[in-house]
Amino acid sequence: MKYFLGVTTLVFTLGIASSTALAADNKNVSLILGVKGSPFYQALQCGAQAKAKELGLNLTAAAPDQFTPDSQIPVVNAVAATKPAVVIIVPTDTQALIGPMKQLDDMGTKLITVDQTINDTSFIKTQVLTDNEAGGKLAADAMNELVGGKGSVIVITQPPGSTAQDARVAAFEQQLKNYPGIQYLGPQYQNDDPQKSAEIVTSTLSAHPDLAGIFVTNDQGAIGATTGLRQGGMAGKIKVVAYDAATAEVDALKNGTIQTLIAQNPKLEGEVAMQKAAELIDGKRLDKKTMTEIVAIKAGDHANADRYEYKADCT
Amino acid sequence: MSAPPSSITRPPPDPPELPHQRLRQLLGGGWIFLLLVVLIAVFGILRPTQFGSAYNLSQLTINAAILLVLSVGQTFVIIAAGVDLSVGAVLVFCSVLSAKVMLHLSGAPGTSFGTTDTSWPVILVGSITAIAAGTAWGALNGVLIGMVRIPPLIVTLGTFGMALGFSQLLTNGVDVRAMPELLVANIGSGSILGIPSLVVIAALVTIVMAIVLHLTRFGVRVFAIGSSLEATRRAGINVHAQLVAIYAISGALAGVAAIMANARFATTTIGGHSLDNLATISAVVLGGTSLFGGIGSIAGTVVGVFIPIILLNGFVILGIPPFWQTVATGAVLIVAVWIDQMKRRTQRG
Amino acid sequence: MTVPLLEARRICRYFGHVRALDGVDFAVYPGEICALIGDNGAGKSTLVKILSGADSATSGEILVAGEPRSFHSPGDAQAVGIITVYQDLALAPELSPADNLFLGRELLLPGVFGRLGFVDRPTMRRQSAEQFARLGVTLRSSRVAVSSLSGGQRQSVAIARAAMWANRVIFMDEPTAALGVIQSARVLDLVRQVRDAGIAVVIISHNIPQVIEIADRIAVLRLGRNAGQFHRADATVENLTAAMTSGTSGIEAGP
């Protein structure tokens, strides 16, 4: 036992004594996703990995078990210890991640945010975003068209604190004001839980039989909402506009449960983020924001649906 | 009076207890502590500058701090043959209540972002609120379990839901994002004599509670209740009051953890902490405490808390794909407890 | 005539129509081992529960050292030095013998530490070692959990505990029922040690040969009534069995 501890201490000291500075030719990039097991983030990872290979960069990916800061921060800390040149991160909270990310910056690592962002962006080299305001507007316009300008509408989203979703909801609500025939019932919150989404839909159906449309701001919520509608026997009768194009959502679009998808291009976002990381390593200065595309896919447009589907297996 | 029959043989007296046997006893059989050392050594050898850096090691202890405080409370409960599933939700409730109180006393509007400019007395009031609220939830658990005789699993599952529900009612599901600057800067990211403040708090809590559990009469009775509720009752001990106190301790420590979480994250995290209860239970069991009660130690819990944290940290540093991390952590847990059980059985026999 | 340590007069216990005890007299004298025997349903357990405070009689008197008393809880009986060792022993399996001996009566350190609740483990261990030595009990180890001791040793710990805190009467319910021959012999030895230490012992038992071997006096119950009393010298398996099953009065005797 004593011998064992002695050897360990020796190796430790040797290890720490050796150089700890950030190597000048450091081509290591770390990608920290928002959560494990999300098709959006998996597609993002695919895009990043393909691009990393192309550019000759060393990419490692990590993800927390849950989309919450107390789950993500230990992962951020561990990544920080590996001293990568660039970290691409999807922050799970606009406030709680500021501290840990600042620590990364202090240690010399350059930061890129993707999909979500934080309140203090002064030390972020660039934020890769889709235009969530545009997305919310598109959704409102699509909703108006689908419900024929009248009826009640709800929004199913995550609790405030996720910038992307907050922006989508705000833009949707704002644009909806242009359509006086539509009665807006307000937002309902679910924490990325399809089960909860389904429950929200069934309860709302009971309370408001004149419910005409639902806007869901992310993929997990959409999956749950469609389940709720099928349970209530209202699939197809109530119009659904959903953000994202996970496989389940694309299927729902094709079989008529969802009428319009507001699709981002996570694979492209991953590629773009990787490209920006390469530029950072080369010493270039970047714009504060890098926007990627967002499209509305209507029912029947199967070609685009397939094209924009978030594929988790990197095909 | 008759003399004992000569056919009865007398067993030899006890050999004196060797120091390493006592150490072993304290560390749940020693096996788990060895596992911890092995893990540290392996990751340290594979990635010395990254895993072994001062930064990483201090982050590990900070990450462990909040979970450790919760797990110390859970240790008391599990040794008493109970279980407390409400810990994560009570933490959330206490953090929300305390944050709202501090925000209100600071005069800032309810939707503030960032940090507020309030003083230490306000922070003290917020902290007392958190601990008092946690103690109240814990006492409720204890009353329902001890006096109304509902099984702990059911009661604490119920209070889990209630505490979380009340948190969401209090806030409409929206996190309180304005914490006192002094709290965040000095406790959340500050240090005392070079050691992160959160770690100092966790260490103090652990040491004090270890003293209570292993050296006081109250602690002896915790073990007694876990070992045999009936025997303890027949010995004239008020088991109802004792159970209320035990669960109240768990709740109070959740309140302390809430203060630490507020300081660390600079926001309440209503959506988080839902799996804290399982994390504390596995830490306690990993550390050698028996789920059936009567056996356990705080030192074991400390080891049990660090093992999953070090595993996660090491796996991320090594770049192991996220899903494999989950598989590996689960496997280590099972193997560790299994070997521990086998050792116990050979010791008994 | 010696005053009985504990006496029951005309005890009746009715549960609705069932007459568990119907006017039973019973007495325990200092320095003796008294056995209480009877067939199933004779009322032995009921009588012991009443005399140790776990139950109340419907009618009748209890006298402690000649003074009438009433017990409303086991605590009341324990307060006058009467303790019962039940069949399930009521030991905490994971605790050590010393911890079990002092369960509920833990010794505290002197001074300010004591007031904070710190236990005095060295003194408890020492005093329990003395108690075991006094009673001739040798344990495999005094630091292990009681659950890892043999059945006979566990029984010894339970009896030693009762002997430590009782100073008048110890009731034992079937002390050797679950034990093998050698272990039973050791436990009976211990019972004699307890009597010699000045505490009267009352044993409920089904094991007639053991009863004859150990008891100074044997009281028989049958269907809730006295069915005879015997001194060891006059007791045989036959007349005891006869008294248990058909109620012959046997030989009346004083101490």
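**Exercise 1. The second largest cavity**

How do the residues of the lining of the second largest cavity divide into nonpolar, polar and charged?

*Solution.* The structure is a predicted model.

Step 1. The search of the whole structure returns two cavities of 30 Å³ or more, and the second largest cavity holds about 40 Å³ of space.

Step 2. Its lining consists of Pro175(C), Thr176(C), Leu188(C), Ile203(C), Ser205(C), Gln210(C), Val211(C) and Ile214(C). Helix 8 (residues 208–214) of chain C gives the most to this lining, with three residues.

Step 3. The lining of the second largest cavity therefore divides into five nonpolar, three polar and no charged residues, with Pro, Val, Leu and Ile among those that count as nonpolar.

**Exercise 2. The largest cavity**

Determine which residues are closest to the centre of the largest cavity, and which helices supply its lining.

*Solution.* Step 1. The largest cavity contains about 160 Å³ of space. Of its 16 lining residues, Tyr41(A), Asp115(A), Gln165(A), Asn218(A) and Asp219(A) are the closest to the centre.

Step 1. At least two lining residues come from each of helix 2 (39–55), helix 6 (163–176) and helix 8 (219–231) of chain A.

Step 2. By residue class, the lining of the largest cavity has four nonpolar, seven polar and five charged members.

**Exercise 3. The second largest pocket**

Describe the second largest pocket by its volume and its lining.

*Solution.* Step 1. The volume of the second largest pocket is about 1,000 Å³. Among its 31 lining residues, those closest to the centre are Asp65(A), Leu67(B), Ala279(B), Pro308(B) and Leu312(B).

Step 1. Chain A contributes helix 3 (69–81), while chain B contributes helix 4 (54–79), helix 12 (239–265), helix 13 (276–286), helix 14 (298–318) and helix 15 (322–348); each supplies at least two residues of the lining.

Step 2. The lining of the second largest pocket comprises 16 nonpolar, ten polar and five charged residues.

**Exercise 4. Salt bridges between and within chains**

*Solution.* Step 1. Over all chains, the structure holds 25 salt bridges.

Step 1. Arg221(B) belongs to helix 10 (residues 217–227) of chain B and Glu106(C) to the loop between helix 3 (97–101) and helix 4 (111–116) of chain C, so two chains are joined. Arg221(B) is buried at 15% relative accessible area, and Glu106(C) is buried at 7%.

Step 2. Because Arg10(C) lies in strand 1 (residues 6–15) and Glu61(C) in strand 4 (residues 59–64) of chain C, the pair ties together parts 51 residues apart in sequence. Arg10(C) is exposed, at 52%, whereas Glu61(C) is partly exposed, at 29%.

**Exercise 5. Confidence in chain A**

Identify which element of chain A has the lowest mean pLDDT.

*Solution.* Step 1. Chain A has a mean pLDDT of 85, with 91% of its residues at 70 or more.

Step 1. Over residues 11–22 of chain A, pLDDT stays under 50. Where pLDDT is low, predicted coordinates should not be read in detail.

Terms used: Residues numbered from 1 in each chain as written. Chains lettered and ligands numbered in written order. Predicted model: local features only at pLDDT ≥ 70, side-chain atom pairs only at ≥ 80, totals over all residues. Heavy atoms only, no water. pLDDT = per-residue confidence, 0-100. Helix = DSSP H or I, 4+ residues; strand = E, 2+ residues; numbered from the N terminus. Contact = heavy atoms within 4.5 Å. Salt bridge = Lys/Arg side-chain N within 4 Å of Asp/Glu carboxyl O. Buried < 20%, exposed > 50% of the residue type's maximum accessible area, 1.4 Å probe, protein only. 1 Å grid on protein atoms, 1.4 Å probe; cavity = no way out; pocket = protein on both sides within 12 Å on 5 of 7 lines; lining within 4 Å. Points joined across faces, edges and corners; volume = space filled by probe spheres on them.
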